[in-house]
Every structure is written in C-alpha cells, then in structure tokens.
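The following note concerns the packing of the chain and the space left inside it. Please read the points alongside the model.

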Amino acid sequence: MGAIQVARELTQIIAHRGSKGTRPENTLPAFHAALMDGADGIETDVHLSKDGHLIIMHDEKVDRTTNGTGRIVDHTLAELKQLDAGGWYDAAYAGTQIPTLDEVVQLLIRQKFTGIFNLELKTNKIHYEGIETMVADYFNHHEVPFKLVYSSFYGKSIERLHALQPDVEFDSLFQTKFKTAKRLHAEQIIIGYHPDIRWVRRHWLLLPKVQLRPWTVNTERDMKFCYRHRFAGLITDYPGLAHRLRVQMQGG
C-alpha cells in the first residue's frame with residue numbers, strides 16, 4: 001500500500017531563485033510570480049553583508065544582477081539597498097531592491113505560503129563566519145507556515161546547521177562531488193539530493209532511493225523526464241511551464 005501511495009504523489013515544483021526565467025532573480029517580484037505560477041516551493045540563496053545582515057542573492061558579487069560592483073560581504077545593508085537589482089533584467093523592474101532573508105520570509109507569510117522554502121547557504125566560496133548560527137537563530141525566533149529545507153554545496157554548513165536544528169530537513173547540492181553527499185546521507189544528516197539534471201540523466205539509477213530534486217530543469221524534455229520517473233521534485237526557472245506540464249502528465 002505504501003508503494004502505491006508514493007507512486008501517486010505529484011512531483012513538486014521548486015521555483016529556482018523565484019520565477020527566475022520571467023522576473024529578475026532572487027527579488028520579491030520573482031518570488032511573488034513563482035507563487036502565482038503554482039510553485040510548490042521556493043529556492044533561494046543567502047549570504048552575509050559587511051554589517052551582518054542575511055542577504056538574498058545568488059552570486060558572491062553584486063555585479064551580474066545589480067548596477068553595483070564588489071562582494072556582498074564588503075557592503076553594508078544600507079549600501080546594498082541603494083543598488084538596482086531589477087533594471088538589468090527589464091526596465092519595468094528598475095529600482096527593485098536586493099531583499100533580506102526576513103523580507104522574503106515576510107512575503108511568504110503574507111501570501112500564506114505553506115510549501116517548501118529551500119534555503120541554500122552560499123558558503124562554498126566564502127565561509128561566512130557564524131552564518132549557520134544566524135540562520136538557525138532567525139528561524140528559531142520566527143514562526144513560519146512553510147516547510148524549511150536547508151541545502152549547500154559546502155558539507156560543513158549542513159553539519160553545523162544540523163547540530164543547531166536537527167529537526168529541519170537537509171539536502172545536499174552537488175555536481176560531481178557525490179562522495180560527500182553519500183557520507184552525509186549515511187550519517188543521517190541529509191535525506192535528499194539536489195543534483196544537476198545533467199548528472200542525473202547519466203547516473204540517476206545509481207542514486208539511493210531518497211528525495212531527488214534535480215536542478216536546473218528548464219526544458220520541456222527535462223521536465224517530462226522528471227515527471228515520468230516521479231522524482232520528489234524539480235528545481236526550475238520556469239514554474240509556470242512546469243506546472244502546465246505536470247497537469248498534463250500527472251494530473252495536478
């Protein structure tokens with residue numbers, strides 16, 4: 001009976017940096033659009049500013065997605081808030097600000113979001129001192145209606161957060177370093193994998209039967225592959241397209 005129930009579960013749609021394909025990534029408009037598109041989850045990334053604020057952005061530097069330059073860690077929150085994080089994408093989003101973790105969480109609360117909030121700690125290049133404690137402390141002091149999931153390419157961040165919040169789900173991100181992911185799974189620190197979809201297509205039959213949510217699944221071909229094999233989820237820049245295809249293939 002349990003196997004039949006699992007087979008009927010829908011593959012969850014996780015919006016990568018919000019609706020990244022249709023809005024400026026990792027901004028409030030992108031997260032709002034993802035919810036309107038029917039996403040079951042939100043994936044985003046967190047860094048630390050110079051003055052110790054939790055900042056939502058993918059890159060370690062602001063250059064690619066704002067009109068500024070330099071590393072996030074070398075700017076204060078006030079300096080980061082002066083940057084335009086939307087104009088690079090489209091003039092319609094000029095003046096959009098870089099959000100903090102709290103601003104994203106508050107948006108999700110206002111929208112009564114009850115899905116997955118997958119927060120990636122961007123500590124694989126810059127090991128922000130104390131970021132794991134700050135993130136854990138934030139969620140220990142803020143009641144949220146959604147399911148919190150942590151992930152990272154940096155195994156030590158997952159281990160540190162697991163020690164602070166053992167009841168939260170932890171998933172491992174990887175492209176080729178599967179050995180670290182397997183070790184953390186064996187130690188029961190992580191329960192799921194978030195691998196590159198290109199890696200999954202080559203190796204997925206070798207993966208343990210755990211929660212598999214590949215990234216970044218943007219083509220109809222890859223989305224249909226995930227739905228056909230009933231993966232736990234997929235991470236995509238186009239949650240609207242993913243939702244339409246899921247209705248066709250899985251009925252919901």
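1. Buried residues (under 20% relative accessible area, 1.4 Å probe, protein chains only) make up 52% of the 252 residues in the protein chain. The model is predicted: local features need pLDDT of at least 70 and side-chain atom pairs pLDDT 80 or more, whereas totals for chains, interfaces and linings use all residues. Residues are numbered from 1 along each chain as its sequence is written, and side-chain values use heavy atoms, without hydrogens and water.

2. The chain holds 10 helices and nine strands, taken as DSSP runs (H or I, at least four residues; E, at least two) numbered from the N terminus.

3. A nonpolar core is a set of buried Ala, Val, Leu, Ile, Met, Phe, Trp, Tyr and Cys residues joined through side-chain atoms within 4.5 Å. The largest has 33 residues, and Ile42, Leu101, Phe117, Leu119, Phe139 and Tyr150 have the most contacts inside it. Elements giving two or more residues to this core include α2 (28-36), β2 (41-48), α4 (101-110) and α5 (131-140). A second, separate core of 14 residues includes Ile13, Val217, Phe231 and Leu234.

4. Leaving aside residues up to four places away in sequence, Phe139 touches Leu101, Val105, Phe117, Leu119, Val144, Phe146, Leu148, Tyr150 and Gln165; contact means heavy atoms within 4.5 Å.

5. Among contacts between residues at least 6 apart in sequence, 53% join residues at least 24 apart.

6. The protein chain exposes about 11,800 Å², of which carbon and sulfur atoms supply 51%; the areas come from the Shrake-Rupley method with a 1.4 Å probe.

Note on methods: Buried < 20%, exposed > 50% of the residue type's maximum accessible area, 1.4 Å probe, protein only.
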